[in-house]
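Hi everyone, thanks for coming.

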Amino acid sequence: MKRILFACCLGLFVVSSGVAAEPSPPPATAVDAANTLHYFNRPVVTFRSSLSGVSASDRAQRAAARLREQLDAPGPHRVDQKPEPMGVLVQIDGATTFVVTADDVDVLQQESLEASAQRAAQALERVIAESREARDWQALLWALGWSALASALALVLAWALRRGHAALARRLVTLSEWHSRKLQWGGIELLQRERAAAVVRKLLNGAYAVVLLLLAYEWLSFVLARFPFTRVWGETLNSYLLNLLGLIGGAMVGAVPGLFTAVVIFYLARAATGMLHRFFDRVQQGQHSVAWLDADVAVPTRRIATAVVWLFALAMAYPYLPGAQTEAFKGLSVLVGLMISLGASNLVGQAASGLILTYGRVFRRGEYVRIADQEGTVTDVGMFATRIRTGLGEEVTISNTTILGSTTKNYSRAVQGEGYVLDTTVTIGYDTPWRQVHAMLQEAAARTEGVLTTPEPQVFQTALSDWYPVYRLVCQAVPSEPRPRALLLSALHANIQDVFNTYGVQIMSPQYIADPQTPKQVPPDQWFAAPAQPPRQT
């Protein structure tokens, strides 16, 4: 910062010294793209038509040369206006400098010829005064003094900002680390202290850079405005900053009514969602009974209703948001909509499948189901996927579109009260009385801990095959699920083998072809052959 200020001061001193040492002012820029006469970087008059066969650019060049000659000559350099049939003559000490004709009047400004000539004369008086000031050593010394004072003040302010920035950075970083240490949940920090401190440093460094840039900007505009030749640049910098601040302030003030309307809409949406939450909570808890809404679907219905309310509120508040009518905002909206439409087709399909599963009541949380080749207890029914916990302790996530495309077996839906269905099949030869098979299967079910006696287990003969009937045992497991269904089914199979071995009945699986010479069964005295250990007697 010090080097920049020193270089600018040195450059301004050289420019001002060169202007003061030269007896005549710098040459005027006679013509530009708009045929405008400039002097000391200020526009004086713009020629828009030819006069007596002289083009507008030639008129500007001749006026520049005439103005330079008049200001080089001694005299009071007093500006006058003289009306003539061709236009208004603008003169210096009675000598014509240029002519403002009716065709030179800017029709967009809706000015008269006299007003245009008056404005050109005032601009000419200003550049004459600045050219006179450029030759005044005392004025230049005052300008250098003010520039030096402004530079010293800028350096002091920059030093103070740097010290204040360092002190404030240390203080804010300490506070951020202290507050982030307090933000904990279950002993876990929700916000890392190093990351919080880094964010605070970046924000503070950005604010410091902006303030320092504004300080340098104001210093440069002030210093440039001290010298006649660069004064228009300083005024331009100041006017640009003021216009920018005015534009931002005007935009903020103009956005207040629309922003207030949007805030009111969002507040009403928040109040509506609050009422919906209370209503659905009462339905879920059984305090309200609604014919079209069950307690099982109260939670997803509440989420859908909340999303609909907020989407409606956003659509209503969109025209009132600041910048909503700008082309950039509209283009961004179109881009976001296109990205969603191209990339969210699978997502929409998953969400639609989730709605079908939820409101079709295919299964509920806590029910025991079989989906394709996965079997377990439903732990979560989401909008995009469903999670089940298998008997082996695994949690399987299945997409809702996959569930709709496969066969689902619900073992909990057809039971009395809570719980789930437990079933298995065995094949026994025709030489075994079917009544005995029924009794043995029911005894095996009774021996299995976790199988309910009410309702009573039932046995069905589902097929009469070529060599054996097929028996199916159906029973109901406990609702509290002390063991996963896989363990319970394993225990039931073990008890079926024990009971059939006890009564000397051979199970004819996996395939029966002919009667063996000796029955394929295990006598009770061999049930605990090594390395099996008999259960301890309590």
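Let's start with Glu443, which forms a salt bridge with Arg447; the closest N and O atoms are 3.0 Å apart. Both residues sit in helix α11 (residues 434-447), four residues apart, which is about one turn of the helix. Keep in mind that this is a predicted model. How exposed are the two partners? Glu443 is partly exposed, with a relative accessible area of 25%, and Arg447 is partly exposed as well, at 41%.

Let me show you two others.

Next comes Arg59, whose salt bridge partner is Asp104, with 2.9 Å between the closest N and O atoms. Where do these two lie? Arg59 is in helix α2 (residues 56-72), while Asp104 is in the loop between β5 (95-100) and α3 (113-134), so this pair ties together parts that are 45 residues apart in sequence. Are they buried or exposed? Arg59 is buried, and Asp104 is too.

My last pair is Arg472 and Asp423, a salt bridge with its closest N and O atoms 2.0 Å apart. Here we are looking at two strands: Arg472 lies in β15 (residues 469-477) and Asp423 in β13 (residues 420-427), so the bridge links parts that are 49 residues apart in sequence. Arg472 counts as partly exposed because its relative accessibility is 31%. Asp423, by contrast, has a relative accessible area of 14%, so this residue is buried.

Conventions
Residues are numbered from 1 along each chain as its sequence is written. This is a predicted model: local features need pLDDT of at least 70, side-chain atom pairs count only at pLDDT 80 or more; totals for chains, interfaces and linings use all residues. Side-chain values use heavy atoms; hydrogens and water are left out. A salt bridge is a side-chain nitrogen of Lys or Arg within 4 Å of a carboxyl oxygen of Asp or Glu. Buried means under 20% relative accessible area, exposed over 50%, partly exposed in between (1.4 Å probe, protein chains only).
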